[in-house]
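My entries follow the structure.

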Amino acid sequence: MRKTYRSTDVEVTFDLGICIHVGECLRGEPAVFQLERRPWILPDAGGAIAEVIHRCPSGALQYRRLDGGPEETYETTTATPIKNGPLLVVGDIDVRHEDGTVERLPRATLCRCGQSRNKPFCDNEHLRIKFEAPGAQLKIHLTPVRPREDEPIQKAADPRA
Ligand code: SF4
Ligand code: FES
């Protein structure tokens, strides 16, 4: 479920259900994204929030400007296979859910190994089955939600749940 965090200038939303725990948020703007604080996102606390959110590969983080500033837009949609992992798609992505609703995402990591229990999204099952396939390297930042490169914490244990 997507949660909303609002400041006067920007509204940030987060969906833990599609986060793949690469830690760009926690590393990129530690004043904005703090695991142990409630709320864990304070959009006012840092300046580079849009840039950091653009680097969130899964689309778990999104933003909407409330100050008339530029929104996240793309002229084309690109799909990049990630080495031993999902397909990274960046652009306008319409995902049709089982209940018929359509969600538009600017970024998404889609399952390529076939084992995700949250298709079409990656849920890191590729790590457990040791999926191997060529592709671009995705930088993983070790954080409390990803203490080891091959072992993100369970979603139920995630302090952001
Ligand atoms: S996918 Fe990475 S950057 Fe995006 S919310 Fe999850 S940990 Fe943060
Ligand atoms: S590619 Fe990540 S779960 Fe399939």
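Entry 1, the sheet. I found an open sheet of three strands in the order E1-E2-E3, with antiparallel pairing. Strands (E, at least two residues) and helices (H or I, at least four) are DSSP runs numbered from the N terminus, and two strands pair if DSSP finds at least two bridges between them. E1 (2–6) and E3 are the edge strands with a single partner strand each, so one side of each has no neighbour in the sheet. On average, neighbouring strands here are turned by 20° against each other, direction ignored; the axes are lines fitted to C-alpha atoms, and angles between N-to-C directions run from 0 to 180 degrees.

The model is predicted: local features need pLDDT of at least 70, side-chain atom pairs count only at pLDDT 80 or more, and totals for chains, interfaces and linings use all residues. Residues are numbered from 1 along each chain as its sequence is written, while chains are lettered from A and ligands numbered from 1 in the order in which they are written.

Lys-3 has Phe-14 in E2 as its bridge partner.

I asked which residues Cys-25 contacts, leaving aside neighbours within four places in sequence. They are Phe-33, Val-52, Cys-56 and Leu-61. Contact is taken as C-beta atoms, placed from the backbone, within 7 Å of each other.

Methods. Two residues are in contact if their C-beta atoms, placed from the backbone, lie within 7 Å.
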